[in-house]
Amino acid sequence: MHEQKQEITTLDPVWQRICDEALQAVATEPLMGGLIHSSVLHHASLERALAFRFALKLASGEMSEQILREIADAAFTADPTLGQIARADIAAVYERDPACNRLLQPLLFLKGFQAVQAYRIGHWLWGQGRHDLALFVQMRVSEVFGVDIHPNAKLGCGIMIDHAHSIVIGETAVIGDNVSMLHSVTLGGTGKVDGDRHPKIGDGVLIGAGAKVLGNIKIGHCSRIAAGSVVLKDIPPCMTVAGVPAQVVGEAGCDQPSIMMNQVFDSGD
């Protein structure tokens, strides 16, 4: 009789590192053991852990944890790219946020990452025509995390939202890949206008704290928007804008502003 061969597991370095960090965290702080085991170590994959966290954080008297868990599991099963994008988002937070020194942290503690992953499930629901359920997810994400992203908005991969307090992203907004933004950013409309009415943000853009980008305008790839700016017109690629209303004040100063996270304008740029 031939012995049954052991299955070869899929290599997943991001998930493996998260699990290793989780074990170390339990050893360092045993009081966190219950939370870390239930949120990380009891799960076979990052997708399962994300579904658990989604359900745990968004459950309420209006929608049970079990139902939300089933919704999230269905989304990750139907669309494997959700898990791939989540890994890119985790890497983005780890690489760009100086306060993040472990891959475990976004999954457990950082509401910007958790809000974006919940939005992605809501966006999947919206694409399935389940608009009321998607809007329920939007409502709960806003209530729990203080982040309001319409489920029809389109966000690329490698998104990092630092602090993530009072973020608003409108229904027809489009955000490219590898974009970074800080708290209190609004990607909104300019009034009660139907149709395509929200900003289109290019790849690699850095949006500073409190910036407001309003209307169906285009922000060129790898540009910087200074903190507190109000942007009302198109911005060319690789530029820095600042002010109210925002004006071009120089070049972006580097090839990848969203990765460098340099928010200081040097007149010599």
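Begin by selecting helix α1 (residues 13–28) and helix α2 (residues 33–41). Trp15, Ile18, Cys19, Ala22, Leu23, Ala25 and Val26 of α1 are in contact with Gly33, Ile36, His37, Val40 and Leu41 of α2, contact meaning heavy atoms within 4.5 Å. Ala, Val, Leu, Ile, Met, Phe, Trp, Tyr, Cys and Pro count as nonpolar, Asp, Glu, Lys and Arg as charged, and the others, Gly among them, as polar.

The model is predicted: local features need pLDDT of at least 70, side-chain atom pairs count only at pLDDT 80 or more, and totals for chains, interfaces and linings use all residues. Residues are numbered from 1 along each chain as its sequence is written, and side-chain values use heavy atoms, with hydrogens and water left out.

The axes of α1 and α2 lie 10 Å apart, at an angle of about 165°; axes are lines fitted to C-alpha atoms, for helices over the stretch in contact, and angles run from 0 to 180 degrees between N-to-C directions. The two helices α1 and α2 are therefore roughly antiparallel (angles over 145 degrees; under 35 is roughly parallel, 65 to 115 roughly perpendicular and the rest oblique). Helices (H or I, at least four residues) and strands (E, at least two) are DSSP runs, numbered from the N terminus.

Next, select helix α3 (residues 46–58) and helix α5 (residues 81–96), whose axes come within 10 Å and cross at roughly 80°. That makes α3 roughly perpendicular to α5. Here Leu46, Glu47 and Leu50 of α3 meet Gly83, Ala86, Arg87 and Ile90 of α5. The residues of this contact between α3 and α5 comprise 4 nonpolar, 1 polar and 2 charged.

While α3 is displayed, pick leucine 56, which is found in this helix. Leucine 56 is partly exposed, at 36% relative accessible area (buried is under 20%, exposed over 50%, partly exposed in between, with a 1.4 Å probe and protein chains only).

Strand β4 (residues 167–169) pairs with β1 over 3 bridges in the parallel sense. To see one bridge, select aspartate 148 together with its partner in β4, valine 168.

Asparagine 178 lies in the loop between β5 (174–175) and β6 (180–181). Its phi is near 55°, a positive value in a residue other than glycine, and asparagine 178 counts as partly exposed at 33% relative accessibility. Serine 184, in the loop between β6 and β7 (186–188), also is not a glycine and has a positive phi of about 65°.

Finally, select β14 and β15, which run antiparallel and are joined by 4 bridges. Methionine 239 stands opposite glutamate 251 in β15. This hairpin of β14 and β15 has 4 residues between the strands, and glycine 243 takes a positive phi near 110°. Proline 245 lies in the loop between β14 (239–242) and β15 (247–251), and the peptide bond from valine 244 to proline 245 is cis, with omega near -10°.

Key. Pairing = 2+ DSSP bridges.
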